[in-house]
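Please keep the sequence and the structure in view while reading.

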Amino acid sequence: MPLIPEIVAATEALTAIRRDFHAHPETAFEEVRTTARVAQLLEQWGIEVHRGLARTGLVGILRGTVGAGTRAIGLRADMDALPMTEHNRFAHASTAPGKMHACGHDGHTTMLLGAAQYLARHRDFDGTVYFIFQPAEENGNAGARAMIEDGLFERFPCDEIYGLHNMPGLPAGQLGFRAGPIMASGNRFDITLRGTGGHAAIPDRAIDPVVVAGSLIGALQTLVSRNTSPLDSAVLSVTQVHAGETYNVIPDEAILGGTVRTFRTDTLDRIESGLRRMVETLPQAYGAQGRLDFKRGYPPVVNHPAQTAFAADTAIETFGASQVDRDTPALGAAEDFAFYLQHVPGSYLFLGNGDGTHRASQAAEGPCQLHNGSYDFNDALLPIGATYWVRLAEAFFRHHPAHR
Ligand SMILES: [Zn+2]
Ligand SMILES: [Zn+2]
């Protein structure tokens with residue numbers, strides 16, 4: 001694989017940095033140690049650092065020395081860990097009880113650092129690279145949105161933005177691209193159905209919310225099967241049903257909860273309004289009342305076609321066509337990179353993390369899957385991801401705006 005030799009030579013150092021992050025995981029908006037380390041390294045390499053966005057986020061600015069170009073590319077890494085227990089016992093396992101880098105953000109951060117180090121030494125490009133290190137991607141904390149609200153794109157005006165996520169199960173180092181939606185929106189809802197409780201043997205004097213719940217659960221299935229195009233896809237799952245406490249009492253209330261996933265915002269709009277319509281009107285047919293509380297999470301990650309084609313072309317030029325899938329399957333999980341793509345064109349890709357055989361001895365026996373206590377980022381990806389970011393930035397300044 002044609003990696004940049006200077007980056008390959010830095011692999012050992014990058015691995016040490018990555019394992020240090022892994023051993024010291026920090027969760028949403030508490031990435032204090034991580035941010036300090038990132039800032040220290042960037043400054044050591046001569047990159048201008050701006051801290052304090054989204055509390056623990058930071059942006060590194062690197063201006064090229066060729067020409068007076070004003071065009072800019074944003075490269076983003078997430079830095080946060082998960083509130084969960086690591087089962088691995090290798091030397092770089094988590095030292096923070098109940099916290100773990102189980103999503104590989106330690107690797108994302110380190111790959112971007114590797115690219116920053118190289119580009120700082122080779123500033124022969126015409127424009128500006130923004131290295132965007134964001135906190136709080138996990139658990140709906142929306143660090144990306146916090147970065148934007150703190151003026152990310154006003155203070156650091158990127159023409160385009162790119163991000164990636166490691167992907168267990170894809171061959172190590174394989175790059176997966178997809179124009180259009182690549183990850184889903186994640187949303188949750190709570191429904192309260194209010195009837196009139198009473199004696200279970202005298203139902204005619206009660207309004208039974210359990211029966212209303214049964215009817216509503218069935219009806220809600222039509223929001224996907226009858227109201228969503230067969231060429232689109234969506235999920236509506238009722239995952240919680242709570243009502244009643246004993247055998248001979250009709251309860252006053254039934255509570256439902258669940259999730260909606262879609263790959264398009266207009267599909268989400270339609271499902272949410274359909275859900276509201278059903279929850280508010282169907283119970284009335286039974287003399288009951290329904291109330292919906294719908295909470296939108298991250299929007300879908302929708303890759304822009306031109307930027308995705310450019311990113312995939314660059315990957316093929318760099319690594320060869322056999323390493324690149326231009327049509328990788330979309331994933332039903334959600335990711336806050338979606339917010340950036342609502343403001344700036346760009347693309348988000350998957351980088352194969354392999355089958356888990358890379359794990360150091362004393363790894364736990366569970367699968368090397370994201371959010372599993374046995375997961376570990378594959379350090380073989382460090383020079384691959386760093387090389388990719390460098391080549392993408394170089395190509396951005398060289399080729400554009402031909403690709404726009
Ligand atoms: Zn995650
Ligand atoms: Zn993640």
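Does His 371 count as buried, partly exposed or exposed, and at what relative accessibility? At 40% relative accessibility, His 371 counts as partly exposed, because buried means under 20% relative accessible area, exposed over 50%, and partly exposed in between (1.4 Å probe, protein chains only). This is a predicted model, in which local features need pLDDT of at least 70 and side-chain atom pairs count only at pLDDT 80 or more, while totals for chains, interfaces and linings use all residues. Residues are numbered from 1 along each chain as its sequence is written, chains are lettered from A and ligands numbered from 1 in the order in which they are written, and side-chain values use heavy atoms, with hydrogens and water left out.

**The zinc site**

The zinc ion (ligand 1) is coordinated at 2.0 to 2.7 Å by Cys 103 (SG), by Glu 138 (OE), Glu 138 (OE) and by His 371 (NE2). Donors are N, O and S atoms within 2.8 Å of the metal (3.2 Å for Na, K and Ca), and sites may look incomplete because water is not among the atoms. The zinc ion (ligand 1) and the zinc ion (ligand 2) lie 3.2 Å apart, with Cys 103 coordinating both. Glu 138 is in the loop between strand S4 (128–134) and helix H5 (143–149), and His 371 in the loop between strand S16 (346–354) and helix H12 (381–399), so the pair ties together parts 233 residues apart in sequence. Glu 138 is buried, with a relative accessible area of 6%. Helices (H or I, at least four residues) and strands (E, at least two) are DSSP runs, numbered from the N terminus.

**The sheet**

Strands S10, S12, S8 and S13 form, in the order S10-S12-S8-S13, an open sheet with antiparallel pairing, where two strands pair if DSSP finds at least two bridges between them. Its edge strands, each pairing on one side only, are S10 (234–243) and S13 (289–296). Nine bridges join S10 to S12 (residues 253–262), and Ser 237 stands opposite Thr 259 in S12.

**Salt bridges**

The whole structure holds 20 salt bridges, each a side-chain nitrogen of Lys or Arg within 4 Å of a carboxyl oxygen of Asp or Glu.

Glu 394 and Arg 391 both lie in helix H12, three residues apart, about one turn of the helix.
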